[in-house]
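Take a moment with the sequence and the model first.

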Amino acid sequence: MRKIVFIVVLILAGSAASRAQQQLTLWYDKPARDWNEALPLGNGRLGAMIFGRSDTELIQLNEQTLWTGGPVNNNPNPDAMKYLQPVREEIFRDSINKAVRLLRKMQGPNTEMYQPLGNIQIISKYAGPVTSIHRDLDISKAIASTTIEAGGTTYRKEIIASAPDQVIVFRITASSPGALNFTVHASHELQCRKKVNGDKELVLQGKARITNDERRNPKPFIYQDSLGCDGMRFQFNVKAVSATGHVSSTDTSLVITGATEVLLYVSAATSFNGIDKCPDKDGKDEAALAASYLQKALSKSWKQLLTSHVKDYQQYFNRVSLSLNKATAPAKPINERLLDYQKGGADYALEELFFQYGRYLLICSSRPGGFPANLQGIWNQLIRPSWRSNYTTNINLQMNYWMALPTNLPEMNTNLVEHIKRMAKNGTATARNYYNMRGWAVHHNSDMWAQTNPVGEGNGDPKWANWSLGSPWLSQHLYEHYRFTADKKYLKEVAYPLMKSAAEFCLDWLVEKNGVLVTVPSTSPENVYLHPRGFKGTVTIASAMDMEIIWDLFTNLIEATEILNTDKEFASLLRQKRALLNPLKIGKKGNLVEWYDDWEDEEPTHRHVSHAFALHPGRQISPLLDTGFSKAVTKTLELRGDDGTGWSIAWKINFWARLLDGDHAYKLYRNLLHLTKEYSKEVYSGGGGVYPNLFDAHPPFQIDGNFGATAGVAEILLQSHLDQIQILPALPAAWKEGNVKGLMARGNFEIDIWWSNGLLTRSIVRARKGGTCRIRTSVPVTLNGKELKPILKDDKGWLISFNTIAGQQYELKVK
């Protein structure tokens, strides 16, 4: 009897695992026509886009440190400082055009560009004509596969990007003995060298350019400078191993014949040796590094490589699960499901998948010890990528990491923290050289080299190029890492010194006008106002966003000084200055005023909603704090509309969740999940959307929309930015029942939630650090089976408070 029960348990467990895998798989019945249909793999350092083609398979590669250029010049415009005061004077006189001309004189070089590593082509011969293709990406295990039926034989490729072994590995098999016959080629758009070495490894070697450019303004390719400094070297190696067939080669390709199973190992490296080292003359030996990765991996079997890869990946991915309405994934390719969905059909499994896809992409593109995910994560096929595939710091880099801590991926957030340290070092020079100010400054763009100066090269529009408050916004991420982890050592040694330095810059940047403190020059990133005197303006005084970001930094620092019991005089100064910040205003339409005065926008539905920063990701405005300003920001969002670029729609999901309007947040989640018009006959009237591989479309591809949407779902289900944990604060009516497990709340609490008929039924709280836990629910609950008197009951629900012990868990149940 026990044996029968055990077998039944195994069957049920296997069935559950199979369902989870099916729910978390992107699959297609046709090969990828282009890059936006290819499927992404990554181990944090190496990225691969798998096209799943039959005759000529294409695998496009990336390596996280392959950028143009080299270490930054921290004083590229020595004359910049002398223009600051004239700029301020012109703005105070409303001479905005003159101020713009002067601001351009303060600009410096543009950032460098993220580059592709190259391509691998696999040209196959089959036993007969191809009759079917099935390709998929299982994000529960981070495995891509392609299955081809031809001439009565099944050909299968399984591909992983292993973090433990730092290689990409293909297992290629045929159901008929000896049926594998293919050649492997390598290519790159840039100047490169290809060869097959004495160990029968296909090797591609190249060098990145020392300069950057744009598609609209291309420059000649230059690979060497007079000092031998700039220009990253790179190399990738491909090795074929088969116990059943023959591996031979030409000068520049591998040839495999008569095999039943083949393993292809791909290793890669660059000469990157730190942001302050010349990648050419002071670079690491990329050939030795690539060879080392390859040799270590060659000693392992496919089973060993696969097992360690899946174990490593799932230690992160499996922390969080989401189930909506007991959904089952329909037996259709993703592109067809998207078409059904945008016609109004329900597909809760697709909504689950898209949430988890964001987590998958962050794990693949942001592993500890590496760099933050850029505008495209780690995936880029173009030598002139859109917006340089860099770090855009007026929203996009920050959006990439909103989801990291709430969805239980704190290790991935360390990449951002480490890069903020690099930017702070260079930004200290920028603050001094550009403005003669203390602290550190970051402007609109950065890159792997941690560039911090105003970009634009004298031609950029100041509405983006001269935005100067990157350091206080990035400092929010430093403090949020503490708020989620409750790691006081980190707060004291890492976050607080950097935050304090950013505040010193803000204190120097602020000036007094009419009894309040203002920023000048100021922008509301990338937006334009219509001045009552008849001109269009891009720079102003004290935009709402500036004031909100500085308020946020000062508030976080004041709180940090109390936690650390330090710097009381500095905290007192911050309280004084915070009280003098130019106050937020409500406009004639009931809107939150964006500019120095209540001016109209040139584009009322502009993609940036920068003045709503105080709502999200800030914590200055909330329906739980002030109905006046929360109503004003609601009106602002109504005026902006529900359309926008992909990342803009994603941000709006978070806004409406913070406003506790789950149905509106859900509407925007659905708006985002539509195919872009070039892939859909059912043309969607709005902007943004996704590509067939579920990459977010600005358009073109920007990964921040993926990450922002995942963050938005987390905000719908759990919020903790105020001094309480809000369980199901913005649950949409469409999600009648479900559960989510493993979300994180500030204070280092891990939360599981179950609900039915739109209401909470049960929750488990795991205290990782211990301490007081304050929870708000929409229904009264018991704690570990006992009544607990709420400390507050209002129209937003019940608020309870209880002490916790580290390592213990606590159960809340509806009475």
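**The whole protein**

Please keep in mind that this is a predicted model. The protein contains 18 helices and 34 strands. Its radius of gyration is 27 Å, close to the 28 Å that the globule rule gives for 815 residues, so the protein is as compact as a globular protein of that length. Along the principal axes, the C-alpha atoms fill a box of roughly 85 × 80 × 50 Å.

Of the 815 residues, 62% are buried. If you look at contacts between residues at least 6 apart in sequence, 70% of them join residues at least 24 apart. The exposed surface comes to about 29500 Å², and carbon and sulfur atoms supply 51% of that area. As for charge, there are 94 positive and 81 negative side chains, and the centres of the two sets lie 3 Å apart.

**The nonpolar cores**

The largest nonpolar core has 234 residues, and those with the most contacts inside it include Leu 26, Val 184, Tyr 360 and Trp 735. Helix H12 (residues 488-509) gives this core its largest share, 13 residues. Another core, of 11 residues, lies apart from it, and Val 167, Val 169, Tyr 265 and Ala 297 are among its members.

Leaving aside neighbours within four places in sequence, Tyr 360 is in contact with Pro 40, Leu 41, Leu 137, Ile 139, Ala 142, Tyr 313 and Phe 317. One of these partners, Ile 139, is also listed with the residues that have the most contacts inside the largest core.

Not counting residues up to four places away in sequence, Asn 582 touches Val 516, Leu 517, Val 518, Ala 542, Met 547 and Tyr 596.

Which residues does Lys 200 contact, leaving aside its neighbours within four places in sequence? They are Val 238, Lys 239, Val 247, Ser 248 and Leu 254. Ser 248 is 48 residues from Lys 200 along the chain, with 7.4 Å separating the two C-alpha atoms.

How values were computed: Residues numbered from 1 in each chain as written. Heavy atoms only, no water. Helix = DSSP H or I, 4+ residues; strand = E, 2+ residues; numbered from the N terminus. Rg over C-alpha atoms; globule rule 2.2 N^0.38 Å. Buried < 20%, exposed > 50% of the residue type's maximum accessible area, 1.4 Å probe, protein only. Contact = heavy atoms within 4.5 Å. Areas by Shrake-Rupley, 256 points an atom, 1.4 Å probe, with all protein chains shown as cover. Lys, Arg positive; Asp, Glu negative; His and termini not counted. Charge placed at Lys NZ, Arg CZ, Asp CG, Glu CD. Core = buried A, V, L, I, M, F, W, Y, C linked by side-chain atoms within 4.5 Å.
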